[in-house]
Each structure stands twice: as C-alpha cells, then as structure tokens.
Amino acid sequence: HNNRVDPAAEGLDYTIRYGGGAWHGTEAEFLCHAPLAPLCTPDIATSLHCPADILRFTLLRSYRRDEWTAWMQAAGEHPPSPTHRVMVFDSSVTMLEAAQAGVGIAIAPVDMFTHLLASERIVQPFATQIELGSYWLTRLQSRTETPAMREFSRWLVEKMKK
C-alpha cells in the first residue's frame with residue numbers, strides 16, 4: 001500500500017518503500033525505478049487527443065499531491081486546479097481496479113502493471129513518464145539484521161534485477 005509506515009511500531013523487519021531512498025534512521029537498498037504515467041481504459045483513451053484532455057476526467061492518485069501536477073508539467077500542460085475531481089487511493093492495485101472500471105485516469109508506476117497493459121484492459125495514452133521516486137527495501141538501523149533477513153534481502157534484490 002502507499003500509506004506511510006512505522007516499522008518499529010508495527011514490528012517489521014523490512015519495508016518496501018517508494019521515495020528517494022533517504023529516511024531518517026533507516027538503511028535503504030535500491031530495488032527498482034518506478035516511472036509514473038497516466039493509465040486508463042481503452043474507451044477513455046479514445047477521447048484523449050492531447051494531455052490537456054486528461055483534465056476532463058476524474059484523476060486517480062496516491063496520497064502524494066504532486067503526481068498529477070508534475071506529470072502535466074512534464075507533458076507541457078497546466079497542472080490541475082485545486083478543485084479538480086480527484087480520488088486518492090492507499091493502494092496502486094485498488095487504484096488500477098478503479099481505472100479499469102472507468103472511474104477515471106490513474107497515475108501509477110507503469111512497470112507494476114505490465115500485465116494489464118499486455119491484456120489491453122488498461123492503456124498508457126501518452127508516452128510521457130515522470131520519476132518522483134524508486135522502490136527501496138528498508139530496515140531500521142536500530143533493527144539487528146539476522147541471517148534470514150540478509151538472505152531475504154539478497155533474494156529480493158536478485159529477483160528485482162531480472
């Protein structure tokens with residue numbers, strides 16, 4: 001999910017986080033880049049002739065308020081107004097379920113949804129992508145790393161390289 005996490009309070013060995021890789025008191029190991037782009041149904045895409053047309057639809061996003069603004073600016077358009085229709089999701093998977101149902105246009109990590117793109121249930125209507133962060137495997141510095149944790153970390157990092 002996209003919620004902020006408290007590893008100490010939740011008793012977690014590791015967390016996978018999205019961001020710049022620097023969190024106070026945390027060691028972070030890079031997993032993968034996560035470029036964001038608009039994703040929507042093929043039906044909605046047929047009415048998108050330029051990036052500004054996206055603003056005729058409800059915008060679906062994570063808790064980060066800057067995603068759509070950053071994407072629209074990268075696409076050479078004005079950002080959405082503060083009063084634009086927006087739905088906020090704590091899960092990219094749930095957000096894409098809403099996009100598949102035609103609720104609106106999601107801004108999401110493209111590489112996470114290649115299966116939906118391959119099935120053509122979802123399309124990426126514009127090539128512009130933005131990078132606001134990456135995925136990282138994180139561990140609190142105060143949490144002693146066990147051999148099992150090290151093995152898991154090595155395994156995950158190797159899987160992400162493939």
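Buried, in what follows, means under 20% relative accessible area; exposed is over 50%, and partly exposed is in between, with a 1.4 Å probe and protein chains only. Two sentences on ground rules. This is a predicted model, so local features need pLDDT of at least 70 and side-chain atom pairs count only at pLDDT 80 or more, while totals for chains, interfaces and linings use all residues. Residues are numbered from 1 along each chain as its sequence is written, and side-chain values use heavy atoms, with hydrogens and water left out.

Overall layout. The protein chain has six helices and seven strands. Those are DSSP runs, numbered from the N terminus: helices are H or I with at least four residues, strands are E with at least two. In sequence order the pattern reads α-β-β-β-α-β-α-β-α-β-α-β-α. The C-alpha atoms fill a box of roughly 55 × 35 × 25 Å along the principal axes. The chain has 162 residues, and 44% of them count as buried. Now contacts, meaning heavy atoms within 4.5 Å. Among those between residues at least 6 apart in sequence, 76% join residues at least 24 apart.

Next, aromatics. How many aromatic pairs does the whole structure hold? Six. Rings of Phe, Tyr and Trp (its six-membered ring) pair if their centres lie within 6.5 Å; planes under 30 degrees apart are stacked, over 60 edge-to-face, the rest tilted. One of the pairs is tryptophan 71 with phenylalanine 126, tilted, at 6.1 Å centre to centre and 45° between the planes. Tryptophan 71 sits in helix α3 and phenylalanine 126 in the loop between α5 (114-119) and β7 (134-140), so this pair ties together parts 55 residues apart in sequence. Tryptophan 71 is buried, at 0% relative accessible area. Phenylalanine 126 is buried too, at 13%. Elsewhere, Tyr14, Phe152 and Trp155 form one aromatic cluster.

Cysteines. A disulfide is a pair of cysteine sulfur atoms within 2.5 Å. The structure holds zero. Cysteine 40 is buried, at 0% relative accessibility.

Last, the second largest pocket. Its lining includes Leu59, Arg61, Trp68 and His84. β4 (59-61) and α3 (67-74) each supply at least two lining residues. By type, the lining divides into five nonpolar, three polar and two charged. Here Ala, Val, Leu, Ile, Met, Phe, Trp, Tyr, Cys and Pro count as nonpolar, Asp, Glu, Lys and Arg as charged, the others, Gly among them, as polar. A pocket is an open set of points on a 1 Å grid over the protein atoms alone, where a 1.4 Å probe fits, with protein on both sides within 12 Å along at least five of seven lines; lining residues have an atom within 4 Å of a point.
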